[in-house]
Amino acid sequence: MGKNHNENGCALMVELQNYEQQGISIWLEGCPSSSAGVMDAIRVREGISYMRDYVFQAGELREVRFDKVKGRSKE
């Protein structure tokens, strides 16, 4: 997982920073965030998956939202 995970993390960080430079807002769990905030959450909570949603207005990307993916409970 090591190198590949780090490469994926770097690519995501660059992608999110590009969004920020374009004025596209980044949200994490329903709250305004940043590229650094999302990366910290992903690193700290490695066992949790996040779903990415893209919010468009008038055909333009306005927001990127990251929300936890809730797993099925084992009963």
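**Notebook: strands, a ring and a core**

I looked for aromatic pairs in this predicted model and found zero. Ring centres would have to lie within 6.5 Å to count as a pair.

I then turned to tryptophan 27. Arginine 65 lies over the face of tryptophan 27, and I read 4.3 Å from the ring centre. Where does arginine 65 stand in the strand pairing? I found arginine 65 in S4, opposite tryptophan 27.

Next I went through the strands. S1 covers residues 25–28 and S4 covers residues 60–68; I noted that they run parallel and are joined by four bridges. S1 also pairs with S2, residues 31–32, through two bridges, here in the antiparallel sense. On that side I looked up the bridge partner of tryptophan 27 and got proline 32 in S2.

Two residues separate S1 and S2 in their hairpin. Glutamate 29 sits in this turn, and I noted its positive phi of about 55 degrees.

Last, I looked at the largest nonpolar core, which has 13 residues. Which members touch the most others? I listed Leu16, Tyr19, Leu28, Val38, Val64 and Phe66. At least two core residues come from each of helix H1 (2–21), S1, helix H2 (35–44) and S4.

Terms used
Residues are numbered from 1 along each chain as its sequence is written. This is a predicted model: local features need pLDDT of at least 70, side-chain atom pairs count only at pLDDT 80 or more; totals for chains, interfaces and linings use all residues. Side-chain values use heavy atoms; hydrogens and water are left out. Two strands pair if DSSP finds at least two bridges between them. Rings of Phe, Tyr and Trp (its six-membered ring) pair if their centres lie within 6.5 Å; planes under 30 degrees apart count as stacked, over 60 as edge-to-face and the rest as tilted. A charge sits over a ring if NZ of Lys or CZ of Arg is within 6 Å of the ring centre and within 35 degrees of the ring normal. A nonpolar core is a set of buried Ala, Val, Leu, Ile, Met, Phe, Trp, Tyr and Cys residues joined through side-chain atoms within 4.5 Å. Buried means under 20% relative accessible area, exposed over 50%, partly exposed in between (1.4 Å probe, protein chains only).
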